[in-house]
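Subject: Structure handover

Hello,

Please find the structure below, with the sequence alongside. My notes on what was found follow it.

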Amino acid sequence: MLIFAASDKGGTGRSVTSANLAYHRALAGDDVCYLDFDFGSPTAAAVFDVGDARQATEDHGLHAYLIGEVSEPARIDVWAETEHQVLRFPPPGCGRLVLMPGDVSGGEFATSDDNLRRCVDLLMTLYYEFDLVVVDLSAGRSYAVDMVLEATAQPEMSEVTARWLVFHRWTRQHVAAAASLVFGKRGIVAGGVDRGHDEDALRAAIRFVRAAVPDPESPLWSQVSPTQSAWMRKTDGDLKQLASTHGIGYSQVLGSVPLEPVLQWREQLITDEDVLDSQIANQETWQALSRLAGRLTDDKYWEQA
């Protein structure tokens, strides 16, 4: 299965959350490949903590492959190459976790026939090699988004299962922007239909992920004043109503990720050691990521609302 990770703008937690989802699926035994299609600002290598390996593969990343400078994009075995000590010793039964990095010196580029063909070939190859392929796209209606919309509309990919996650923070501006990215005049749905996608099928393949969501009931906010607590509850309710009005209400949401200091400040994979031993990360975040990872391929969460 292909999972395309998109967002209305930068800073939504798209890359770090989708990387954590890939990690959870690999822990569960799936063979997972993560593609960094954020051509303007590829950051996945930092999240997976494979800086040295990334440096060794510079100029052989996805950007270089798609524009024809190399015949094959670099692959990094995260378990073997990561500098994160916990990740170096994955538990028995794990699947493969492979990163295809972007190029630091790359950048956005318009889709041509040649790089479209390379994109299709790559996605088709990985689709049959891995259980799950996560593609982290540039923010907004980018060239990367246009390229994969074009690629997945090609006849040879008609039988490929592809799903979209659209990440947004839990604010008024981000809710509206995420809805516009998908349903706007120049959004993902319109862009897909222009390229030959069936509108109903494409809409059914899109779900939203709310990131950095404060829980007014959590211990983190237990010390706020009664006035602040009441305001938080009111604001949370207003946001739920706004999301529903914009067509991205509860039935269109695959899951939410709590506001988590580790994700906000370090943008890293959260391991069970972070939760149970050092206790720098919250159990609720680990559980939310685990649930979300499971729902990626659970058809009941993708039924037409």
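His 246 sits in the loop between α11 (226–245) and β8 (253–258); helices here are DSSP runs of H or I with at least four residues, strands are runs of E with at least two, and both are numbered from the N terminus. This is a predicted model, in which local features need pLDDT of at least 70 and side-chain atom pairs count only at pLDDT 80 or more, while totals for chains, interfaces and linings use all residues. Residues are numbered from 1 along each chain as its sequence is written, and side-chain values use heavy atoms, with hydrogens and water left out.

With a relative accessible area of 30%, His 246 is partly exposed (buried is under 20%, exposed over 50%, partly exposed in between, using a 1.4 Å probe and protein chains only). Not counting residues up to four places away in sequence, His 246 touches Ala 176, Ala 179 and Phe 183, where contact means heavy atoms within 4.5 Å.

Gly 29 is in another loop, between α1 and β2 (32–37). Gly 29 is partly exposed, with a relative accessible area of 30%. Setting aside residues within four places in sequence, Gly 29 is in contact with Gly 93, Cys 94, Gly 95 and Asp 131.

Thr 12 belongs to the loop between β1 (2–7) and α1 (14–27). Thr 12 is buried, at 3% relative accessible area. What does Thr 12 touch, not counting residues up to four places away in sequence? The list is Ser 7, Phe 167, His 168, Arg 169, His 174 and Ala 211. The Thr 12 side chain also reaches the backbone nitrogen of Arg 14 at 3.4 Å.

Next, the packing of α1. Its axis and that of helix α14 (residues 283–295) are 9 Å apart, at an angle of about 75°; axes are lines fitted to C-alpha atoms, for helices over the stretch in contact, and angles run from 0 to 180 degrees between N-to-C directions. The two helices are therefore roughly perpendicular, a label for angles of 65 to 115 degrees, with under 35 roughly parallel, over 145 roughly antiparallel and the rest oblique. On the α1 side, residues including Thr 17, Leu 21 and Tyr 23 take part, and on the α14 side, residues including Trp 286, Leu 289 and Ala 293.

Helix α7 (residues 143–152) is mostly covered, with eight of its 10 residues buried. Among them are Val 145, Asp 146 and Leu 149.

Ala 212, in strand β7 (residues 206–213), has a positive phi of about 55° although it is not a glycine. Ala 212 is buried, with 10% relative accessible area. Glu 267, in the loop between α12 (261–265) and α13 (272–276), is also not a glycine and has a positive phi of about 50°. Glu 267 counts as partly exposed, at 48% relative accessibility.

Regards

Note on methods
Polar contact = N/O pair within 3.5 Å; in protein donor to acceptor, adjacent residues only side chain to side chain.
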